[in-house]
Amino acid sequence: MKLDTASLVELEQKYILQTYKRYPIVVDYAQGSRIFDKNGNEYLDFLAGIAVNLLGHSHPKIIQAVENQIRRYMHLSNYFYQDVQIELAEKILTLSGYSKIFYTNSGAEANEGALKIVRRWGNQRNKKTVVAFTGGFHGRTYGALSLMDKPHYKELMGPFLDGIKILTFNDVDALKSILSHDTAGVFIEFIQGEGGISEAQEQFVQELWDLKKKYNFLIVADEVQSGIFRTGKLFAFQHWDVSPDIITIAKGFGGGLPLGGILVKSELENIFEKGMHGTTFGGNAVSCAAGIANLNVIYPDLLDHINFISDYLDGILQRIKQEFPEKVLEVRGRGLMRGLVLSFEAIRLVEKLIDERIITNATAKNVLRLVPPLIISKDDVDLFYIGLKNALQKV
Ligand SMILES: *Cc1c(COP(=O)(O)O)cnc(C)c1O
């Protein structure tokens, strides 16, 4: 549309349900770690489409893979065998050591499918309760919302699913008193994204696995945000040396296109019979082609860079904390999934950072979330440091 920024903002409000708080930026195009708006401004992107664009915007390998695939075909349906689905499955399963994948379009849908697996497995064993944790985020569909406690996401939208208990994250006693032979499964984000980049504590994870041994239930790791090398490892849970039964992925998996997945261990590979679960677009060929290119660029060649730049960013964040002890209370997270806990509402800093031409977002009210593309350079981080310093001085 050849319209000026103000008219586009007005038309957005006219035509689109007002569910999103948008930044005052009308985008023209984006490239690498930069977004360019229609007024000619250049922004450093430390949000990456909410932890989606692992290789930044318009990576040449992704463009090439998408172009090749759309010339072959875009969509066929899951009646057909498709090489791109199979190739991507082989890659992610080889990398992860898991047994099988079910493709979805989104994170919510991956968690819906995982919930169905947990229920079906539980019903076969007369286990009726599913457990999740406060601060968790699993998506906006009914199953996913039923696993979440945040009231604003659920207001006047009930009833939600029965048989779900939401326990306080990192409360070992709650685990001990609530988990039982009746527990079918537990959903956990090892590093909560929307929950403020909060990590599962060592002892909590240990207790969860001890209880799993005692009672026999499934553990689902929601890696939708933290997965695919965002934290320096393929999955965040690998920092804890445990191995969940089911992993859900999405966001970064499709290289910028909509793609998610449910990974299961071999014990679960026959949980569904033919026709019991499905989706029209899940495993879309173009998304899978982009997903293959995405993984090929990241693994193994980008790993050294991810580790280097993660350490470098960490140094900057620690320095910022020392320089602004009253404003920055804590540095959280791992790899390139980081949070700054602030002594004030994070949205205020997000706005000041936009003035500095840096894109971030706020989560859990007082946490500034940083999920830059994995390809950010040392210069990008230096620029971020200067901008963040300026913004913190003004806030
Ligand atoms: C974003 C997110 C989801 C939901 O993914 P959608 O693709 O938006 O449905 C689920 N879990 C976590 C941890 C997420 O960050």
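Which residue of β6 does Phe133 stand opposite? Phe133 stands opposite Leu167 in β6, where strands are DSSP runs (E, at least two residues) and helices are DSSP runs (H or I, at least four residues), both numbered from the N terminus. The model is predicted, so that local features need pLDDT of at least 70 and side-chain atom pairs count only at pLDDT 80 or more, while totals for chains, interfaces and linings use all residues. Residues are numbered from 1 along each chain as its sequence is written, and side-chain values use heavy atoms, with hydrogens and water left out.

**Strand β5**

Four bridges join β5 to strand β6 (residues 164-167), and the two run parallel; strands pair if DSSP finds at least two bridges between them. β5 also runs parallel to strand β7 (residues 183-188), to which three bridges join it, and Thr129 stands opposite Thr183 in β7. Because five of the five residues of β5 (residues 129-133) are buried, this strand is largely enclosed by the rest of the structure; buried means under 20% relative accessible area (1.4 Å probe, protein chains only). Thr129, Val131 and Phe133 point one way from β5, whereas Val130 and Ala132 point the other way.

**The ligand**

| Residue and atom | Ligand atom | Distance |
|---|---|---|
| Ala108, backbone N or O | oxygen | 2.8 Å |
| Phe137, polar backbone atom | nitrogen | 3.0 Å |
| Gln225, polar side-chain atom | oxygen | 2.8 Å |

The protein covers 82% of the 390 Å² of accessible area that the ligand has on its own, by the Shrake-Rupley method with a 1.4 Å probe. Helix α5 (residues 107-123) gives the largest share of the shell around the ligand, three residues.

How values were computed
Buried < 20%, exposed > 50% of the residue type's maximum accessible area, 1.4 Å probe, protein only. Polar contact = N/O pair within 3.5 Å; in protein donor to acceptor, adjacent residues only side chain to side chain.
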